[in-house]
Amino acid sequence: MSYLEPMVQIPFLQPLINFLLKVPVIGPIVNFLLWTPIFAVWFVPGLIGLFIPLIFVIWWERKAAARVQWRYGPLEISKRIGGVIQPVSDLIRYMLQEIIIHQEADEAYFLHMPVFGFIFALLPVLFLPAGPHVYAINTGYNILIAAVLISIFNIVIIVSGWASTDKWAYIGTVREAFMYAAYEIPFMLSIIAMIILFGTADPFTMVNAQVAHYIPGAILNPIAFIVAFITTAMASSRFPFDIVENDTDIVVGPFTEYGGLVFGLTMTMSYEKTYVMTLLLSIVFLGGWSGPYIGPLGDLSAPLWLGIRVFLVMMFFSFLRAVYPNYRLDHALRMGWRTLLILSIVSVIWSIVIRLVFPVI
Amino acid sequence: MAKKVTQPKVNPVAGHLNALAVGVKEFVKPTRFTIQYPRERRWVIDRFRGFIINDVEKCISCFQCAWACPVNAIFMYRAPNGKFYPGIRYEQCILCHFCVDACPVGSLQGTTISDGVFPDLESTVFKPEDMHNLPQWDDEAEYVVKYDFDENGNLKIIKMRKDEVK
């Protein structure tokens, strides 16, 4: 019998996997799920890898903000463990709610866009490896492709806001379009600066270069790191840039008319985007999956170290909710078009200088 | 004369770092003083203004309480013995205890009970015969929380079990 190769090697589960592979019907399924590209899409860094931080980070965001603001946060559900499963109960509530499509909405766009958005927000995961042996597609230009795919997602928000025919949705949509133009150029330039610095758009070579010299990319080009960090907060509408979905200002911006499970999808979209962009930041700036090799975990050792970085950065982004008020739209635009744009151009020049004077690779 | 106001100069980097430092400090050691209401209750002083009870034996039917009431919440009901006794409509009452102050014989007494829920509007109208006893509520609270200040003026929260208080 021939197997799909290569498979993910997990030594401490290997006896169980070897046994399951010989079972008639279950064997091919297990083989298919452990096939590297499928494993990357379904488990890490794909869907399961998204849902664990999603549940934890939503809880952490509410809890940390509550603690700083002298409240308690979610507590009543699973009181003994501090309300950790509150997001799960919210999900069940969303699933049981009725999905209302009002008369003026463009039905097809209105219903399809959140689903497309959920898919588009996860697309870059196809090109972002979680470890040297856990990846879906390897083209040699992965970082560039992922950075470009991240920017597709905004079109979905704009279309869904336009299709819902609502005052708040229109305002939110226009704000989204403004913000998109303001942060996308500095973000792209900061990623391009790192591509120039390492001389490649291949994540494996980038991480290997950071490991070989014991210097993370954030120290090699701190300006690019700061720009990418701030633009990530802007792109995923974290505080202080929660301008598009500002619920104290315009109900939930482009998603005002949504209800039920579709609203659940739109709510997870910004967290998905945080996850994907944090993954990109961790690989490019924070040394990726570098860390001591853990024997029993095998190929999952690298995703563990990457996951810890992603968790910490996402937790920091969520913590900002507790600290900051919101920027006004014109302030954020001025910041994007003035400070961040200049800083990102400086970071590109910095990278060129470093590349010419001390070639890293 | 118009005066031009200039924006105060703020160092942006120091401002952001300061904000984050305050956030981290509050996260590590929060100064919150929330009372988790059904499980905890706030400690109140003895003269806290709550529901009002009336002792019919002492009442001399002088109408002073009805005169004193600023919101006309007190009705005087005729009893079988020909006297008039007060009954309070709690949907109007603002718990100001003017009636308690006005009572010349001390038959109206204030209590500290203030957290009760009425099922409907009719049950907020207390007849004279309802005013003998303390209203009864299910009290789920296990703790009573008291706010106090220590010698440096910082907030101090004292948490007592309910049976220790009274």
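Is B:W67 buried or exposed? At 72% relative accessibility, B:W67 counts as exposed, because the cut-off for that label is over 50%. Keep in mind that this is a predicted model. B:W67 sits in helix 2 of chain B, which covers residues 64-68. Its C-alpha atom is 8.8 Å from that of B:A102, although 35 residues separate the two along the chain.

**Nonpolar cores**

In soluble globular proteins, nonpolar side chains tend to be buried together. Here the largest nonpolar core has 90 residues. The residues with the most contacts inside this core are A:L128, A:I143, A:M179, A:L280 and A:F285. Take A:M179 as an example. Leaving out residues up to four places away in sequence, A:M179 touches A:M234, A:F241, A:I243, A:V244, A:L329, A:A332 and A:L333.

**A nonpolar patch on the surface**

Some nonpolar residues are on the surface instead. A patch there includes A:I55, A:I77, A:I85, A:V88 and A:L261. Together, the residues of the patch have about 910 Å² of accessible area. Which helix gives the most to the patch? Helix 5 of chain A, residues 86-96, does, with 5 residues.

A:I77 belongs to the patch but lies in the loop between helix 4 and helix 5 of chain A. A:I77 is partly exposed, with a relative accessible area of 32%.

**Around helix 4 of chain A**

How far apart are the end C-alpha atoms of helix 4 of chain A? They are 31 Å apart. With 22 residues at 1.5 Å a residue, the helix should span 32 Å, so the two values agree. After helix 4 comes A:W70, whose phi is positive, near 65°.

A:G83 is found in the loop between helix 4 and helix 5 of chain A. A:G83 is buried, with a relative accessible area of 0%. Its contacts beyond four places in sequence are A:W59, A:P74, A:L75, A:I77 and A:S78. A:G83 and A:W59 are 24 residues apart in sequence, and their C-alpha atoms are 7.8 Å apart in space.

**Salt bridges**

Side chains of opposite charge can pair when their charged atoms come close. Over all chains, the count comes to 7 salt bridges. The table lists some of them.

| Salt bridge | N to O distance |
|---|---|
| A:R175 and A:D249 | 3.1 Å |
| A:R328 and A:D330 | 2.9 Å |
| B:K159 and B:E40 | 3.0 Å |

Start with the pair of A:R175 and A:D249. A:R175 lies in helix 8 of chain A, and A:D249 lies in the loop between helix 11 and helix 12, so the pair ties together parts that are 74 residues apart in sequence. A:R175 is buried, at 15% relative accessible area. A:D249 is partly exposed, at 40%.

In the pair of A:R328 and A:D330, A:D330 counts as partly exposed at 34% relative accessibility.

Chain B has the pair of B:K159 and B:E40. B:K159 is in strand 7 and B:E40 is in strand 1, so this pair ties together parts that are 119 residues apart in sequence. B:E40 is buried, with a relative accessible area of 7%.

Salt bridges can also share partners. In this way A:E61, A:R238 and A:R321 are joined into one network.

Conventions: Residues are numbered from 1 along each chain as its sequence is written. Chains are lettered from A and ligands numbered from 1 in the order in which they are written. This is a predicted model: local features need pLDDT of at least 70, side-chain atom pairs count only at pLDDT 80 or more; totals for chains, interfaces and linings use all residues. Side-chain values use heavy atoms; hydrogens and water are left out. A nonpolar core is a set of buried Ala, Val, Leu, Ile, Met, Phe, Trp, Tyr and Cys residues joined through side-chain atoms within 4.5 Å. Buried means under 20% relative accessible area, exposed over 50%, partly exposed in between (1.4 Å probe, protein chains only). Contact means heavy atoms within 4.5 Å. Patches are made of residues with over 30% relative accessible area and no salt bridge: like charges are joined within 9 Å, nonpolar side chains (Val, Leu, Ile, Met, Phe, Trp, Tyr) within 5 Å. Accessible areas come from the Shrake-Rupley method with a 1.4 Å probe; for residues, only the protein chains shown count as cover. A salt bridge is a side-chain nitrogen of Lys or Arg within 4 Å of a carboxyl oxygen of Asp or Glu. Helices (H or I, at least four residues) and strands (E, at least two) are DSSP runs, numbered from the N terminus. The expected span of a helix is 1.5 Å times one less than its number of residues.
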